[in-house]
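Here is a short briefing to read alongside the model. Please keep the viewer open while you go through the points.

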Amino acid sequence: MASGEEDGTVEEKETNNKKRTKGTIATAWLTFYNIAMTAGWLVLAVAMVRYYLQKGTHKGLYRNIAKTLKFFQTFALLEVGHCAIGIVRTSVIVTGVQVCSRIFMVWFVTNSIRQIQNEESVILFVVVWTITEITRYSFYTFNLLNHLPYFIKWARYNMFIVMYPLGVIGELLTIHASLPYVRRSGMYSLRLPNKYNVSFDYYYFLIIVMLSYIPLFPQLYFHMLRQRRRVLHGEIVVEKDE
Amino acid sequence: LDLIVGSVVAAPGPPTPAKRKPTKKTKKAVVFFEVEILDAKTKDKLCFLDKVGKVLPSFSLHWYPARQSIRLDPKGKSLKDEDVLQHLPVGTTATFYFRDLGAQISWVTVFLTEYAGPLLIYLMFYFRVPFIYAPKYDFTTSKHWVVHLACMCHSFHYVKRLLETLFVHRFSHGTMPLRNIFKNCTYYWGFAAWMAYYINHPLYTPPIYGEQQIRLALTVFLFCQIGNFSIHIALRNLRPPGSKTRKIPYPTKNPFTWIFLLVSCPNYTYELGSWLGFTLMTQCLPVAFFTLVGFIQMTVWAKGKHRSYLKEFRDYPTLRSPILPFIL
C-alpha cells in the first residue's frame, strides 16, 4: 500500500525528525506486511495447484486450504487499522466494508456451512481472490520499494475487469447454495419469544446480503474503472483506493 | 443577502469603511455598487450588474433563493440573508460566487413528515392491522398492560414533537437539502416499524422485573419528556420571534433547566433519558439499538454545537460538557 508519508513543513528540526522516523517505521512495517501477504496468498495458490494436480478433483480442496485461507484473509483486518491511523490514505469505511465482506464469506458462509464446501462456486471465488490478492499486495510492495514493474501495474488495473464479476458470481452462487441448509438448520437465528424481544432469521439475512450486491457491485466496479482510466492515462494519482 | 429575487440593501450614504458617520446630514448621497456574480466552480460570469442601488432585478427564477449560496470566496462560507452589501469587505465592485445548493425543502416540512410516520406506523402495529402478524391475531390487543403503556408513551412523544415543530421551535435555517427527507424518514419510519413489531407482537415478553421495572422506566421517561420540553421552551425564549440571534442559554426558574449549568445541549441529554426509559419499559433490544444510534448522532450534534458556542462566545461557561455532564 502506498506509504502516506509526506514531507512536513519545516518548523522545528525535532518535529520534522519525528515525522520522518514515524514515516520510516510506517513504510518499513507496510513493506513487511505487504510482502508477507503476497507470500501468504502465493502459498495458497501453490497449495491449490498441488492439490488439484495430485487428486485431480476439487472435492476436498477447500478443507485442505481452509486454515491458510482463514489466517491470511483474517489478517487483512489490519488494513482497516492502517487507514485508521493514517499510514495508508484510504477511507476507513471503504476498506472496512471490503474486508468485512471477505470475512463474512469466509467465516459465516463457507466455514460454517460444511455442506457447500465442495461446490465449484467456492473454488471459483477462492481462485479469483487468490489471483487478485497476489496482484494487489505485490503492487503495493513494489510501490513502497519504488520499483514498480509495468506488468504489475498493468495487472492490477486490468485484471479486475474480469476478476471482479467472476468473484461476485462465485460468492453469490455459494450463498445461494447455502440457503436450503441454513433454513433447515435454523443456524445463527433467534426465535420469539425471548426476553430480548427480538428475532433474527439468518436465511432472510443472507437473501438481503445477496440483494445488496445489486447496488454495491456496480459502484465498486465503476470506481475501479475510473481509477484505471486515470492511472493508465499517465496522470499522477495518489493510490487512494483499491 | 437576498440578492436575486428581492432587493439588495445597498444603504445610501457615503462609504465609511471603519467609522459610522452620524446620519443627521440632510444631503442624501446614494452609493452605487457594481456587482458581479460568478459560478463558484467554473468561475463563469453568471450576471453582472452595474449601478446596484436599492433593488436588484432577479436573474434566475430556476434557482430560487433558498438554494442559492452566495459567498465572497468560492470555498468560503455562505453569506446570510441579513448581510448588508455596504458592510461587506468589498470595494464598489463586488464579486460574489454562486453555488447551487440543490433542491431544498423546509425544515418544518421535514420534521412534520418524519415525526408523523412513527406515530401512525406504531399505531398500525399496536392495533395489529392485517398482514403484519398471523391472521388469527388481526385486530386483537395485547394482554400485557405494559404494551398499552408503551403505545401511549411512544404516541405522546411524537405528538409532542409535532406540536413543538409547529409552535415552539424557531429554526435558524429555513431549508435543508431535499435528499435529507428521504434519509431521515427512512431512519425514523424504519426504526419505528422495527420496534413496534416486537413490542406489539403476540409473543412479546414483558420486563423481567415486572411492575417495579415498568414504574421506574415510566418515571424516567416522563421526567425526561418534561425536561426536554422545558429546554425547548427556554431555547425558544432566547430568540425573539422572526429573529435568528444566538445567545448563551442559562438556567431559568424552571428546575428542569438547571442542567444548563453542566451541559450545552440538555435537550439531547433529556432525549437520551427518555429513550433509555422507554428501553427499560419495553425491554426490547431494537429499542436499545435505536437509543444507541440516536445517542451517537446526538453526541455528534452536541459536540458541534458546543464547539460553535465556544467559538462565538468568549465568556462561555467552562463547566459545561456537550451532552453528558463531565463525561461527554
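Of the 242 residues in chain A, 42% are buried, where buried means under 20% relative accessible area, exposed over 50% and partly exposed in between (1.4 Å probe, protein chains only). This is a predicted model, in which local features need pLDDT of at least 70 and side-chain atom pairs count only at pLDDT 80 or more, while totals for chains, interfaces and linings use all residues; side-chain values use heavy atoms, with hydrogens and water left out. Residues are numbered from 1 along each chain as its sequence is written, and chains are lettered from A and ligands numbered from 1 in the order in which they are written.

**Chain A overall**

- Chain A has 8 helices and 0 strands, with helices (H or I, at least four residues) and strands (E, at least two) taken as DSSP runs numbered from the N terminus.
- The C-alpha trace of chain A spans about 65 × 50 × 30 Å along its principal axes.
- Among contacts in chain A with a separation of 6 or more, 73% are between residues 24 or more positions apart; a contact means heavy atoms within 4.5 Å.

**Nonpolar cores**

- The largest nonpolar core has 46 residues, and Trp41(A), Leu69(A), Val109(A), Trp129(A), Ile175(A) and Leu206(A) touch the most other members; such a core is a set of buried Ala, Val, Leu, Ile, Met, Phe, Trp, Tyr and Cys residues joined through side-chain atoms within 4.5 Å.
- Two or more residues of this core come from each of helix H1 (13–55), helix H2 (61–75), helix H4 (92–111), H5, H6, H7 and H8 of chain A.
- H5(A) gives the largest share, 10 residues.
- A second, separate core of 34 residues includes Ile121(B), Ala150(B), Met195(B) and Ile214(B).
- Leaving aside residues up to four places away in sequence, Val109(A) touches Phe104(A), Ile116(A), Thr174(A), Ile175(A), Ser178(A), Tyr202(A) and Leu206(A).

**Where the chains meet**

- Chain A and chain B bury about 840 Å² between them, 59% of it on carbon and sulfur atoms; buried area is the accessible area (1.4 Å probe) that two parts lose on being put together, summed over both.
- On the chain A side, Leu192(A), Lys195(A) and Asn197(A) lose the most area to chain B, together 59% of what that side buries.
- The contact takes 8 residues from chain A and 11 residues from chain B.
- Across this interface there are 6 residue pairs in polar contact, both residues at pLDDT 80 or more; a polar contact is a pair of N or O atoms within 3.5 Å, and within protein one must be able to donate a hydrogen and the other to accept it, with residues adjacent in sequence counting only if both atoms are side-chain atoms.

**Backbone details to check**

- Most residues other than glycine have a negative phi, and most peptide bonds are trans.
- Leu192(A) and Pro193(A) are joined by a cis peptide bond with omega about -10°, and Pro193(A) lies in the loop between helix H7 (160–185) and helix H8 (202–232) of chain A.
- Asn146(A) has a positive phi near 60°, sits in the loop between helix H5 (120–144) and helix H6 (150–158) of chain A, and counts as exposed at 65% relative accessibility.
- Phe131(B) has a positive phi near 75°, is found in the loop between helix H1 (107–126) and helix H2 (145–167) of chain B, and counts as exposed at 85% relative accessibility.
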